[in-house]
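Here is a short note for a colleague opening this model. Please read it with the structure in view.

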Amino acid sequence: LPSYFKTIVKKYIPSLKTVSDTAALGFLQNLRTDSTWVSVQLLNNDFKPLLESKLPGINMQLNLDSVIASSSLEPGSCKIGNLISLKDSVFYPVIASVEENNHTIGYLLKWKYQKASPKSLAQFSGLLGANAALIVGNADGTLWTDLIKVVRAPTSDFKKEKIILQYSRPAAGQVIAMTNTVANTPWIIVLEISRRQILEPANRFLRWVIITGIVLMIVGILIAWWMSQSITQPLKELT
């Protein structure tokens, strides 16, 4: 958070208030750099909203104390919060604590709308191949999204460290997935790839090997029979 924003925010906190609503609101509006940043909220240290700049129709009616408490912020620090679902949309907050003399006197929350277009996800899946799917979720398992909508948790066995899992998805069948944490966030990313499509080349090769083996065995039997006949027939005639 730039120092001049910190100054304005600090001066708007009731205990230090020396700026007008208009001036403080103007600075909050400047923090919404594009339409994906739907709301910026200024809270006191009791998690009560003091001022908000938001897009029309946006109403972040959430339990803000739990949102901030889950981030475990220290005075003067800033963190990205959990993914949150609101009216079939997914948002996440960037939370900054406002400090004075090493004590938190308020909080600043910037809410970002998280949504990718189906076309961009299809292009990404095409680059990876094998009907790959990307899923992002909170490390505590509270919400998962395919970056378009909220989805069911991939599996109950996910962990924070990088691991490989196998499980079944209703729409995709058996999948092989890799999990990893997203740096500087409380999120886990899961990359799913269809198990059938991964194994299809190996299965196709195995089928060709089996067919080729059967053909060679039949040819070998016929050659052996022909050689046997070519040796035994003269012996019968000689006898």
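1. Start at a strand contact: Leu43 has Pro49 as its bridge partner in S2. Strands S1 and S2 (residues 49-54) pair antiparallel over five bridges. Two strands pair if DSSP finds at least two bridges between them. Strands (E, at least two residues) and helices (H or I, at least four) are DSSP runs, numbered from the N terminus.

2. This is a predicted model: local features need pLDDT of at least 70, side-chain atom pairs count only at pLDDT 80 or more, and totals for chains, interfaces and linings use all residues. Residues are numbered from 1 along each chain as its sequence is written, and side-chain values use heavy atoms, without hydrogens and water.

3. The S1-S2 hairpin has four residues between its strands. There, Phe47 takes a positive phi near 70°.

4. S1 also pairs with strand S6 (residues 103-113). The two run antiparallel, joined by seven bridges. Asn44 has Gly106 as its bridge partner in S6.

5. Is S1 (residues 37-44) mostly covered or mostly open? Mostly covered: eight of its eight residues are buried. Buried means under 20% relative accessible area, exposed over 50%, and partly exposed in between (1.4 Å probe, protein chains only).

6. Glu74 lies in the loop between helix H3 (64-69) and strand S3 (78-80). Glu74 is exposed, because its relative accessible area is 57%. Its C-alpha atom is 9.7 Å from that of Val98, 24 residues apart along the chain.

7. Trp225 sits in helix H5 (residues 195-238). Its relative accessibility is 54%, so Trp225 counts as exposed.
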